[in-house]
Amino acid sequence: MTTRHCIAALAMLTASLATVHAAPLDATSLANVTANTYANVQQVRTRHVALDLAVDFKTSELSGTATLELERVDPAATQVVLDTQDLDIRKAETSVDGEVWLKAPFTLGSSDEVLGAPLTITLPADATRVRVTYTTKPQASGLQWLPPAQTLGKKHPFMFSQSEAIHARSWIPLQDTPFVRATYEARIHAPKGLRAVMSADMKDKPDASGAWTFNMPQAIPSYLIALAVGDIAFEATGPRTGVYAEPAMLKKAAYEFGETERTLQLMEQAFGPYRWGRYDILVLPPSFPFGGMENPRLTFATPTVITGDRMLVSLVSHELAHSWSGNLVTNASWNDFWLNEGFTEYLTYRLVDMQFGHARGDTERVLGLTDLKDSMSHLDKIDWSLVRSSPPKDPDAVYSSVPYERGTLFLTWLETQFGRPAFDAFLRGWFDDHAFQSATTAQFVAYLQDKLMAQQPGKITQAQVDTWLHQPELPDFAVLPHSDALTKVDEERDAWLSGKSTLEALPAAQWSVHEWQQFFDNMPASATLEQVQALDARFKLSQTHNAIIACAWFHVAIAHGDKAVWPAAQRYLGSVGRMRLITPLYRELIKTPDGKAFAEQTYAKVKAGYNPIAQQAVERILKGASGG
Ligand code: BES
Ligand code: ZN
């Protein structure tokens, strides 16, 4: 080992020791944390999770054991409380040494629709381990079980997890809060011929007993534990990067994500080393409910970004940037979510600038700002700020572009006030000083005061910071993005709509997906039904294979009363399950009685193919609830 390696190893050791004895929480943070968990984190904290689970595609169940190693923060604690949701708990045991196990009394409390049921296990005085034997339910909100018909290959079933924000508890009994960090290991017993992958170090073959084995040596929050099982193949795209996908998708995915190593290097140059070893991407079937999910070492991604032209790869930049903002420094509670997503989205745009030039970065920023305004238009005002005064019980119900895009604008404003060199050093320091820790907004504000405001006094005021964090309206001093390319699209659209130009004259053949988005996103209400229908006739929009363009197009067509697109829109809604690409259409449809009936009929038809999290999101819309 060289001296440099020794120092690095020592630094990692001190970093992990520093996280072992976490400080007690202040009142606000405790209220934020306990809004979404039953866990008695003030008394006991999980430090390691070991899973041993069998995957049964016939019953759509996982079953086996979860063993938790506990730190007893309060030596007087007599029990540990875990989060569960729809779990069948068979047995609980405790152990002092991990060798001898004693059956432990446990109770499963009454179940709350959002939070699930608390599992309370009695802890003998010196016990530091609990082992729970359990089975998941087919309707587990954090799992999706796909029959072969819903895969590309059509031969094998597929299953995957989505734990963020509070769905890990539906497949593992644990302290399901990002305040608690644990290392993990797993043994997964999958049917012969299928491969299991997880957000951890993994081998490319099962062990002698046929189990796939995993190890995550860095402490992570529960929402980053992830599993997928299916006909999954691998292709390397670089020395530490690669793609996992169904065989029929592998080549396309490897091309689309071929620049990942370069993105990693750009992040490392600016914000410090990548500390997770490998960075791979798993491409999921189309029902994956998100664009991407930053599961450590193994980002989960929607196939809708694989368009053959690498135009949507900022999604990879985003998930990869989470390796710093989110996975390394984690929001301590879901009320601090902007610390994860605002930082990450800000970094994403910076990466796009570096990789594709500032013009494309600004294009993506402007589209982000449009998303923000759209979110604000259907959210309650209390969800316009970055942090809520009372934490929401269900993070999914308030999910929106606000933490992403308002967070980006906040950080962009800070960058502008303090200058990029100082701001970059600040960010790097934030990651280094809080590495492998969960952080609160209050900690961020204190760090900002210490490292920037005190160093460059008079540049910004505390009142301005509070406006960004706590007030609903966007500050009038915000620095807003501008894109010449998108302004040009606005001009071209408006010239056509006003009759100054023709449809034939639109330079649409040269438009990228972003220009199409702009074309549709800013379509004025005054555009006539004839004009909208002429678009479809000319550009065959209802038949596009690009799901982003399809979503934007159907949205415009529905909003302008073009019922001719309904059958195609229904097919589209049955082919994609990414929430961002389906919820806008349901939200638009329910604005008229006919549309609402059609939305309900469509949902009934396609529902079985949606992820449980997407089902809940659509059902909230159909019920008329506000949301992002
Ligand atoms: N961590 C999020 C996805 C998420 C957020 C899942 C909250 C569950 C609860 C992920 O990093 C993300 O932001 N995905 C975006 C990608 C986009 C901003 C490039 C998405 O899915 O749309
Ligand atoms: Zn994100």
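Ala, Val, Leu, Ile, Met, Phe, Trp, Tyr, Cys and Pro count here as nonpolar, Asp, Glu, Lys and Arg as charged, and the others, Gly among them, as polar. On that basis, the shell around ligand 1 divides into 7 nonpolar, 5 polar and 6 charged residues. The structure is a predicted model, in which local features need pLDDT of at least 70 and side-chain atom pairs count only at pLDDT 80 or more, while totals for chains, interfaces and linings use all residues. Residues are numbered from 1 along each chain as its sequence is written, chains are lettered from A and ligands numbered from 1 in the order in which they are written, and side-chain values use heavy atoms, with hydrogens and water left out.

The shell of ligand 1 was examined next. It holds 18 residues. A residue belongs to such surroundings if one of its heavy atoms lies within 4 Å of the molecule. The closest are Glu-164, Gly-291, Glu-294, Glu-319 and Tyr-404. Polar contacts are pairs of N or O atoms within 3.5 Å; within protein, one must be able to donate a hydrogen and the other to accept it, and residues adjacent in sequence count only if both atoms are side-chain atoms. Tyr-404 places a polar side-chain atom 2.6 Å from an oxygen atom of ligand 1. For Glu-319, the distance from a side-chain N or O atom to an oxygen atom of ligand 1 is 2.7 Å. Glu-341 has a side-chain N or O atom 2.9 Å from a nitrogen atom of ligand 1. Taken alone, ligand 1 exposes 520 Å², and the protein buries 94% of that. Accessible areas come from the Shrake-Rupley method with a 1.4 Å probe; for residues, only the protein chains shown count as cover. Strand 19 (292-293), helix 5 and helix 6 are the elements that give two or more residues to the shell. Helices (H or I, at least four residues) and strands (E, at least two) are DSSP runs, numbered from the N terminus.

His-318 in helix 5 (residues 314-321) and Glu-341 in helix 6 (residues 337-356) are 23 residues apart, and the pair links distant parts of the chain. Both His-318 and Glu-341 are buried. Buried means under 20% relative accessible area, exposed over 50%, partly exposed in between (1.4 Å probe, protein chains only).

Backbone geometry shows several features. A cis peptide bond joins Glu-164 and Ala-165, with omega about -5°. Ala-165 lies in the loop between strand 10 (158-161) and strand 11 (181-189). Asp-86, a residue other than glycine, has a positive phi near 55°. Asp-86 sits in the loop between strand 3 (79-84) and strand 4 (87-95). Its relative accessibility is 28%, so Asp-86 counts as partly exposed. Arg-310, also not glycine, has a positive phi near 55°. The loop between strand 20 (298-301) and helix 5 holds Arg-310.

Selected C-alpha pairs were also computed. Ile-220 belongs to strand 14 (residues 212-221). Ile-220 is buried because its relative accessibility is 2%. Ile-220 and Gln-437 are 217 residues apart along the chain, with C-alpha atoms separated by 8.6 Å. Ser-375 is in helix 7 (residues 358-378). At 1% relative accessibility, Ser-375 is buried. The C-alpha atoms of Ser-375 and Tyr-399 are 9.4 Å apart, at 24 residues in sequence. Leu-535, in helix 14 (residues 529-539), is buried at 0% relative accessible area. Between Leu-535 and Ala-599, 64 residues apart along the chain, the C-alpha separation is 23 Å. Gly-624 follows helix 19 (612-622). With a relative accessible area of 56%, Gly-624 is exposed.
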